[in-house]
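User: I would like a close look at a single part of this model and at what surrounds it. Please take me through that part in one connected account, with the cut-offs behind each term.

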Amino acid sequence: MNTPRSPRRTIAPALLTATALLALTACGTSEADSGSDAGKTVEIRIPDPGNSGVLALGKKDGSLDEALAKVGAEVRWTGSAGPFAPAAQAMNADQLDIATGSITSGITSLAQRPGFKFFTATAPDAAGEGILVKNGSGITSVEDLVGKRVAVNQGGTGEYLLLKALAKAGIPADEVERVHLRPDQTAAVFNAGKVDAWAVWATYAVAEIGSGRAHFVADGAAIGSDNYSLNAVRTEFAERHPEIVKALYRYLHEASAEEKRDPAAYLNVFTDVGPTAVTGRAKEVQTRFTRQGGTVDPIGPEDVERFEAVADFYAEQKVTRDKVDVAAHLLDIEKLK
């Protein structure tokens, strides 16, 4: 079971001070890093948030622009939110300033000479991630996955959840076939019966559970997941504009707390019809997951310990060649100035 997070904590000495949704189309050098910024409005490039969530509502009602305008910044929406790995590459290439991802995908991206740091943490989603199976599949426990094919996104949340579930059950990882698929390509494969299970998170699980045809055989709580959600910032942007990063953090923290209180207000922000809309039972499932979820918080010492545990696990499972030093790539948001 996940340890509850306290609202304020003393930050670990390992965190650094400054002196985190992707197929992206933006390119070139940002205005933020071109010459003097005196008297200029600084652009902060963030993936377009789509139809739901804190950033979607902030985009629609103008509250995010209002919050950032107080520190001389404005958002330039670029590309679209998606897997963290391409977002990390975009930050490294100075095509993006902020992205959101999991600690699991973050660790594999940190192994690739990163140009970004993490500055917030949201507690693992105990209810909304897990091992998904079809109703009537005959799979009633993690042990039943032996000899089966399970879809995972390589090096990210899916692979972590499966390996963590198997390790907890004492099952050697090679007794289950991992099928590496992009999450946006997996639903059709799963529903066609070409894999027996899918290790997945809420973004994709909600529609499957909401259809009434699938359920978690083990959710994040049962697995013992330490799969935090994190926000990342391009390192050079954080060094040049710490006040903007702090303002964005404050906005995300307050808005995520409000979203937890009133999840429905953050669904179907721009449209309640079409492929991006969450409707019917899926809407009920998403609302329940959000109410049970965490808020965007500073990274505290207990979080760092759990990040390091994930890094240890990834090295043990040969997902990464060596243990990744996560602490070297964290910002103390409360000390930015």
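Analyst: The buried residues of helix 12 are Asp303, Val304, Arg306, Phe307, Glu308, Val310, Ala311, Phe313, Tyr314 and Ala315, where buried means under 20% relative accessible area, exposed over 50% and partly exposed in between, with a 1.4 Å probe and protein chains only. The model is predicted, so local features need pLDDT of at least 70 and side-chain atom pairs count only at pLDDT 80 or more, whereas totals for chains, interfaces and linings use all residues. Residues are numbered from 1 along each chain as its sequence is written, and side-chain values use heavy atoms, with hydrogens and water left out. Helices (H or I, at least four residues) and strands (E, at least two) are DSSP runs, numbered from the N terminus.

Helix 12 covers residues 301–316. Its 16 residues should span 22 Å at 1.5 Å a residue, and because the end C-alpha atoms are 23 Å apart, the two values agree; the expected span is 1.5 Å times one less than the number of residues. Just after helix 12, Lys318 takes a positive phi of about 65°.

The buried residues of helix 12 pack against helix 4, strand 4 (116–122), helix 5 (157–168) and strand 10 (229–234), contact meaning heavy atoms within 4.5 Å. With helix 4 (residues 103–110), the axes come within 10 Å and cross at roughly 65°; axes are lines fitted to C-alpha atoms, for helices over the stretch in contact, and angles run from 0 to 180 degrees between N-to-C directions. The crossing of helix 4 and helix 12 is right-handed, a term used if the near helix is turned clockwise from the far one by less than a right angle, and left-handed if anticlockwise. Helix 4 makes this contact through Ile103, Thr104, Ile107 and Thr108, and helix 12 through Phe307, Val310, Ala311 and Tyr314. By class, the residues of the contact divide into six nonpolar, two polar and no charged, with Ala, Val, Leu, Ile, Met, Phe, Trp, Tyr, Cys and Pro counted as nonpolar, Asp, Glu, Lys and Arg as charged, and the others, Gly among them, as polar. Phe307, Val310, Ala311 and Tyr314 of helix 12 are also listed among its buried residues.

Strand 4 and strand 10, which the buried residues of helix 12 pack against, belong to an open sheet of three strands in the order 3-10-4, with antiparallel pairing. Strand 3 (98–102) and strand 4 are the edge strands, each pairing on one side only, and the twist averages 30° from one strand to the next. Strands of a sheet pair through backbone hydrogen bonds, either parallel or antiparallel; two strands are taken to pair if DSSP finds at least two bridges between them. Strand 4 and strand 10 pair in the antiparallel sense over six bridges, and in strand 10 the bridge partner of Thr122 is Ser229. Helix 3 (residues 84–92) also packs on this sheet, touching strand 3, strand 4 and strand 10, and its direction makes about 145° with that of strand 3.
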